[in-house]
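Please find below a note on the model under review.

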Amino acid sequence: MTRWPYSYPIALLVALFALLPVVVLFTLAVDTAQLFDSRNLQVLGNTLLLMAITAAGAVVIGVPLALLTAYVQLPWRRFWLVILVAPLAMPSYIGAFTLYAAFGPGGEINQLFGLATPAFEGLSGAAIVMTLYTYPFVLLATRASLLNLDPSMVDAARTLGMPLLQSLWKVVLPRVGNGIAAGALLAAMYALSDFGTPAILGLDTFTRVIYVEYNAFGLSQAAMLSLQLLAVAGLILFLESRVKSTRERPGRPLVLWPRRSQATLMIAAVLPIILLAIVLPLAVLFLWLWREGSGTFTLQYAWNSTYASLLAAAVAVLLAIPVAHAAIRGKLGRFMERVIYLGFGVPGIVMGTALVYLGLQLPALYQTLGLLVFAYVLRFLPLAVGTIRSNAENLDGSLVNAARVLGASPSEAFRRVTLPLTLRGIIAGGALVFLEAMRELPATLLLGPTNFETLATYLWRVYEAGLFGQAAIPGLLLVVISGLGLALMFSGERWNLKESKEQ
């Protein structure tokens, strides 16, 4: 009789918890009188349009920048790569907030320079903001594919007389189509699940309307909309799973040396993107800080964010270790790991709606820190699982076998061999959960205890009250926190790459 690993029961329990929000939403939606009406069609149309324009915009910006950073030898090449990826370090709702305040009649640009600029609002404003903060997904995915290409076919095409741009278009881009598609689907998924940007810029997408319904006590209608949003998210995740990475025999990297005038033109072309996505939002935040100081901000908000996020990181790590272990041990474990990844695909507003209903059924949980931490854990647990699993997979199994041969029990071998050798992955996984929980907005708005303001919810309250100047400190703190998360992810990838090369 086959004996199940000790980690399976815990992984099964965690997988069942991951399914809980979906079950709750179905239970709630039963009370909805109408499955679909004309308003839903409008919301669906807005959401799909935002997704499509964002994905297209991210490809239009991301692919040329991927070619530029992968092949072209620009001065300060690494600096340009870092600065072009930097928009990932800024939550899009901060970008939307600051650009909304900077442009339009009476905006900061109008007040400071007297220039009349169009307002950032509606579908066009949301699409521009989303594109600015999602094109790095396409840039990174396409660049990774470009760096894995064998450039000998490009050299052959150029030898046969094909111009450089034509050879890039006809020879290179078709071979990195999967990388472009993967990046575009990530951008579309981000646009679908983001709450802050459409809400600030006044576009009725699923996330904004769900929040409005929740505040109007229309929990059943919010649940129905959440299920429709989940259906679209499931379709994108399915398409993403069908995109296969391109593998070719690596060769000598393609290197292009531009003339000085060409390099200047290329840098001038990317400056407007950097200005809009990074420089202007930071300038607005520093302007508010200089003009209004700390306002009503207190360190208690930062402590609340830190405390809740630390709890979520600790719980997520404790649960992720057996789940990662189960995923390594067999097919059933990998299936349970896949179920747990459902939580990362559930938008925060949907998770919040489901858990609000659960809290109403269990009053001891409603508006408690425990329920908020539970939501963080369900959403960000896959980050910890993925990091710990990738680290544990590199572990030499013979060390554990040697410990068992010498008489150690499975638990002792895990405690004395496996745990110390995977400690780096455990810490990195916990840090990722902590940083993501710090900047999470919609679930915190719905589930946070009364008078429990975090950095993200304080930022949202001052926006709703029109006290824009008081958003400076929480906005800057969230940018720093997001930057740390980005640096941590990149350092982990570099470390994994170094490990694989050594092996």
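Predicted model: local features only at pLDDT ≥ 70, side-chain atom pairs only at ≥ 80, totals over all residues.

1. Residues are numbered from 1 along each chain as its sequence is written, and side-chain values use heavy atoms, without hydrogens and water.

2. Helix α1 (residues 7-29) packs against helix α15 (residues 331-340) at about 30 degrees, the axes being 8 Å apart. The two are therefore roughly parallel (angles under 35 degrees). The contact (heavy atoms within 4.5 Å) involves Tyr8, Ala11, Leu12, Val14, Ala15, Ala18 and Leu19 of α1 and Lys331, Leu332, Gly333, Met336, Val339 and Ile340 of α15. Of these residues, eleven are nonpolar, one is polar and one is charged.

3. The largest nonpolar core comprises 166 residues, and Tyr71, Leu146, Leu447 and Trp460 have the most contacts inside it. Such a core joins buried Ala, Val, Leu, Ile, Met, Phe, Trp, Tyr and Cys residues through side-chain atoms within 4.5 Å, buried meaning under 20% relative accessible area. Helix α18 (residues 369-393) contributes the most to this core, with 14 residues.

4. Which residue has a positive phi of about 55 degrees although it is not a glycine? It is tryptophan 76, located in the loop between α2 (38-71) and α3 (77-85). Tryptophan 76 is exposed (over 50% relative accessible area), at 66%.

5. Asparagine 451, in the loop between α22 (442-447) and α23 (455-464), likewise has a positive phi, near 60 degrees. Its relative accessibility is 76%, and asparagine 451 therefore counts as exposed.

How values were computed
Axes fitted to C-alpha atoms, helices over the stretch in contact; angles between N-to-C directions. Helix = DSSP H or I, 4+ residues; strand = E, 2+ residues; numbered from the N terminus. Parallel < 35°, antiparallel > 145°, perpendicular 65-115°, else oblique. Nonpolar A, V, L, I, M, F, W, Y, C, P; charged D, E, K, R; others polar. Buried < 20%, exposed > 50% of the residue type's maximum accessible area, 1.4 Å probe, protein only.
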